[in-house]
Amino acid sequence: GPLKVDAGRASYGAVGEQVTWAVLDTGVRWDHPHFLTHDSIIEVWDCTQHSDGPVKMYRSADETTSEPSAGDRDGHGTHVCGIIAGEYSDGSTRIQGIAPRARLIVYKVLDDDGFGDDAWIIKAIDHIFHQNQSVTSGLKIHGVNLSLGGPFDASVYGCGFSPICKELRDLWRQGTLVCVAAGNEGQIQVQTDDGGFDLNTQLSIGDPANLQDGVAVGSVNADKPHLYGVSWFSSRGPTADGRPKPDVVAPGERILSCSASFPVRKGRSSKPLPFAQLFRTESGTSMACPHVSGLLAAFLSVRREFLGRPDEVKQILLDNCNDLGRDRYHQGAGMPNLMKMLMNT
């Protein structure tokens with residue numbers, strides 16, 4: 001693929017082994033066969049309940065507290081998780097996450113319609129922070145993926161200093177990589193006297209993508225990134241206070257990954273579900289972001305000395321991108337290249 005992930009897998013065995021990523025999203029269908037291949041999903045936590053901390057929905061070792069189909073009624077989180085980790089083959093078709101053997105801890109911070117509360121997201125970040133504090137050496141969770149974002153009130157908070165940004169900055173300083181979708185506000189519809197009008201917008205980076213201590217990911221065409229460049233919907237920099245963002249771009253158009261809407265199987269059926277029921281395509285910077293999460297998990301699984309050193313990892317990521325020749329505020333440093341990252345460290 002365009003991120004040179006297949007080459008990194010073949011040459012270095014970069015498959016995300018023994019690296020754990022947290023995904024903050026709408027949840028996940030943990031019974032999807034794509035995740036069962038390598039036991040990708042360690043735990044699922046629900047942060048949308050009225051409770052002090054996250055409520056456990058699933059842990060691979062013990063009984064689940066809920067029905068798998070309730071794990072992600074929206075489907076967004078399942079699609080995002082499938083891009084990062086897991087793999088599936090039905091004999092004729094094979095699909096792999098960017099880091100097929102990475103392990104995921106999923107936090108449901110968005111409701112069944114994909115909307116979330118700042119407090120739910122902060123509940124998840126706190127939980128990750130405390131889990132990382134509780135281990136004697138290293139980290140339990142090496143990175144987080146936030147394929148979410150929203151506007152921020154500039155009259156209340158500085159850009160990159162909203163409550164969620166503050167929490168994520170603490171996580172980064174603890175040693176955890178933070179990958180955030182840049183947003184899909186690259187083109188907005190404006191009403192004029194002559195009807196609707198599509199306007200391409202600068203300064204459209206969302207919150208928390210405007211966080212300095214994070215990797216903000218925009219979207220490019222998946223098949224021909226050099227030809228078609230940055231996706232029309234991908235949010236553009238600079239940030240509202242004038243910092244360059246996004247940091248990088250990754251494939252985000254018509255990306256094939258896991259669907260959450262397949263029927264629940266009762267008992268062991270010998271016949272696998274049809275591929276078309278298990279996988280679907282989606283577009284957005286939400287799909288670009290997990291490409292970078294997976295790439296970083298794959299990188300860290302080989303270059304383990306960089307675990308817990310996010311500043312250095314971000315610099316390695318930026319230094320080894322392929323320039324697409326687009327505006328700096330649209331493409332960031334360009335498209336990540338796993339092979340270059342591994343060769344140059």
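This is a predicted model: local features need pLDDT of at least 70, side-chain atom pairs count only at pLDDT 80 or more; totals for chains, interfaces and linings use all residues.
**Helix 4 and helix 5**

Helix 4 spans residues 118-134, and helix 5 spans residues 163-174. Their axes cross at roughly 15° and come within 10 Å. The two helices are therefore roughly parallel to each other. Their crossing is left-handed. On the side of helix 4, the contact includes Asp118, Ile121, Ile122, Ile125, Asp126 and Phe129. Helix 5 contributes Pro163, Ile164, Glu167, Leu168, Asp170, Leu171 and Gln174. Sorted by class, this contact holds nine nonpolar, three polar and four charged residues.

**Helix 8 and helix 9**

The second pair consists of helix 8, residues 285-302, and helix 9, residues 310-319. These helices pack at an angle of about 110°, and their axes are 12 Å apart. Angles of 65 to 115 degrees count as roughly perpendicular, which makes helix 8 roughly perpendicular to helix 9. The crossing of this pair is right-handed. Val292, Leu295, Leu296, Phe299 and Leu300 of helix 8 meet Val313, Ile316 and Leu317 of helix 9. By class, the contact has eight nonpolar residues, with no polar and no charged ones.

The table sets out the two pairs.

| Helix pair | Angle between axes | Separation of axes |
|---|---|---|
| Helix 4 and helix 5 | roughly 15° | within 10 Å |
| Helix 8 and helix 9 | about 110° | 12 Å |

**The largest pocket**

Rolling a probe the size of a water molecule over the atoms shows where empty space is left. The largest pocket in the model has a volume of about 800 Å³. It is lined by 37 residues, of which Leu148, Gly149, Gly150, Pro151 and Asp207 are the closest to its centre. Which elements give two or more residues to this lining? They are helix 4, helix 5 and helix 8. How do the residues of the lining divide by class? There are 17 nonpolar, 15 polar and five charged residues.

How values were computed: Residues are numbered from 1 along each chain as its sequence is written. Side-chain values use heavy atoms; hydrogens and water are left out. Axes are lines fitted to C-alpha atoms, for helices over the stretch in contact, and angles run from 0 to 180 degrees between N-to-C directions. Helices (H or I, at least four residues) and strands (E, at least two) are DSSP runs, numbered from the N terminus. Angles under 35 degrees count as roughly parallel, over 145 as roughly antiparallel, 65 to 115 as roughly perpendicular and the rest as oblique. A crossing is left-handed if the near helix is turned anticlockwise from the far one by less than a right angle, and right-handed if clockwise. Contact means heavy atoms within 4.5 Å. Ala, Val, Leu, Ile, Met, Phe, Trp, Tyr, Cys and Pro count as nonpolar, Asp, Glu, Lys and Arg as charged, and the others, Gly among them, as polar. On a 1 Å grid over the protein atoms alone, a cavity is a set of points where a 1.4 Å probe fits but cannot get out, and a pocket is an open set with protein on both sides within 12 Å along at least five of seven lines; lining residues have an atom within 4 Å of a point. Grid points are joined across faces, edges and corners, and a volume is the space filled by probe spheres set on the points.
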